[in-house]
Amino acid sequence: MTEPRGQWSGRMGFILAAAGSAIGLGNLWKFPYMTYENRGGAFVLVYIAAVVLVGVPIMMAEVLLGRRTRRCPVGAYLVASEKRPGGRTWVSVGYLGVFAGFVILSYYSVVAGWTLDYILLSLLGKLGPLARDPAALQTYFVDGFLHNGWQQTIFHLLFMGLTVGSVYFGVKGGIERVARVLMPVLFAIMLLLVIYSATTPGFGHAMRFLFRPSFGEMHSSGYLEAMGQAFFSLSLGMGCMLTYGSYMSSNSSIPRSVLQICALDTLIAILACVIMFSIIFSFDLQISASATILFTTLPTVLVQLPGGNFVIGLFYLLIAFAALTSTISLLEVVSSYAIDELHWSRRRAALTMGAVIAVFGVLNAWSLGASSALSNFNPLGKSSTTGVFGTLDYLSANWFLPVGGFLVALFVGWILGRRTSRTELEEGHGVMAGYSLWRFLIRFVAPLAVGAIIVSVILGAEYQ
Ligand code: TRP
């Protein structure tokens with residue numbers, strides 16, 4: 001007995017769910033951190049170029065492949081590669097995606113769990129006092145929490161529980177419903193924080209830093225980092241958008257939806273920078289190259305501002321919401337594989353896959369707890385190869401996603417055929433004026449640009 005395949009309630013449902021997937025720790029944490037490292041303006045411009053030239057066309061490719069085949073990534077390549085050059089070997093791209101989803105979720109939800117700890121502390125009224133004493137907070141988080149496998153395990157499992165619970169109730173009743181509630185709240189909190197940051201003395205400095213490009217100051221690796229970050233932030237390269245596209249109605253326009261999702265994701269990333277840099281520059285802080293900024297530096301500053309105790313709680317709630325709609329999309333990819341290809345029920349898929357990933361995540365939490373180089377450790381960052389945890393992140397961000405993205409672009413651009421892609425992109429849209437431009441980008445620009453990343457990773461030149 002197979003259950004009927006889920007579908008979004010409409011175009012808005014798809015946009016909210018997909019934007020929910022895209023907007024996450026990548027926007028609120030990783031992007032500001034990378035922008036700071038790369039000295040602002042020029043990096044922001046390069047990032048936007050990567051989104052427009054590579055991210056947008058690849059997202060359209062993924063969504064069209066999903067909607068065309070109405071299958072999970074593995075099934076999609078199985079159906080779409082039939083009687084085409086390469087045939088079944090393309091299915092391995094689908095498997096790579098499912099595998100990457102598994103790996104990314106197993107460490108992403110550990111980091112997401114940290115936000116739950118801070119929310120709890122804030123509800124108990126303990127976060128404010130801790131944050132007033134930077135040394136105490138540092139001790140609490142870096143020396144205490146991060147080394148405490150048990151504590152991290154509990155919050156990781158809690159986060160996985162929320163994720164499984166959402167996927168369990170299906171496309172419309174779970175994933176879309178959660179996104180419909182959380183995304184507007186997230187936008188509202190974000191707006192509040194932006195307005196708030198505009199009143200801080202560092203706001204002007206932050207704006208200049210972000211919007212006055214100076215290419216001389218950017219590291220040469222910035223181009224490659226921007227591209228990798230575009231993949232991560234837009235949830236591309238592993239069939240996440242493909243899976244969400246497979247639940248999309250034929251009445252909705254793919255090009256329009258994709259443009260809106262990419263614009264939202266980029267806007268949120270930039271606003272996160274506005275908020276964080278306004279605060280950081282207000283206090284003239286030197287942030288170190290560490291993943292713990294979000295959990296150690298920022299709270300100590302936030303708490304000094306008027307209404308600090310409240311703002312601090314709001315801030316971690318924002319991050320948790322953003323992370324949850326992202327972990328949901330990661331679990332959905334893995335579950336949809338079990339549902340479509342192994343013919344499991346959705347409930348069984350969500351519970352079983354969720355449990356296996358949760359166990360794997362527990363190993364990550366413990367390996368992190370046992371790791372000694374924690375203060376310089378950047379779990380979602382670039383060159384971290386600390387322990388199992390860091391290695392997994394390194395592998396996914398630098399290998400799985402770019403390689404997956406490269407292969408999607410090759411498949412849709414060169415194998416799928418012009419008529420198929422055109423029909424699918426115009427279904428629910430009408431004549432697509434930019435079709436030739438899209439085709440040029442997906443056939444030439446995206447593969448060449450992404451190929452450059454892959455080659456540079458191979459040569460080891462990427463993140464030096
Ligand atoms: N895009 C999310 C973020 O910015 C993370 C994420 C969700 C993701 N699904 C993904 C990353 C698929 C890569 C692939 O935090």
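Reader: What radius of gyration does the protein chain have, beside that of a compact globule?

Author: This is a predicted model, in which local features need pLDDT of at least 70, side-chain atom pairs count only at pLDDT 80 or more, and totals for chains, interfaces and linings use all residues. Residues are numbered from 1 along each chain as its sequence is written, and side-chain values use heavy atoms, with hydrogens and water left out. The radius of gyration is taken over C-alpha atoms, and the globule rule is 2.2 Å times the number of residues to the power 0.38. For 464 residues a compact globule would be near 23 Å, and in agreement with this the protein chain has 21 Å.

Reader: What share of the residues in the protein chain is buried?

Author: Buried means under 20% relative accessible area, computed with a 1.4 Å probe and protein chains only. Among the 464 residues, the buried share is 63%.

Reader: Is Ala-409 buried or exposed?

Author: Ala-409 lies in helix H17, residues 387-415, where a helix is a DSSP run of H or I with at least four residues, numbered from the N terminus. Leaving aside neighbours within four places in sequence, Ala-409 is in contact (heavy atoms within 4.5 Å) with Ile-58, Trp-414, Ile-442, Ala-446 and Pro-447. Because its relative accessibility is 0%, Ala-409 counts as buried.

Definitions and conventions:
Helix = DSSP H or I, 4+ residues; strand = E, 2+ residues; numbered from the N terminus. Buried < 20%, exposed > 50% of the residue type's maximum accessible area, 1.4 Å probe, protein only.
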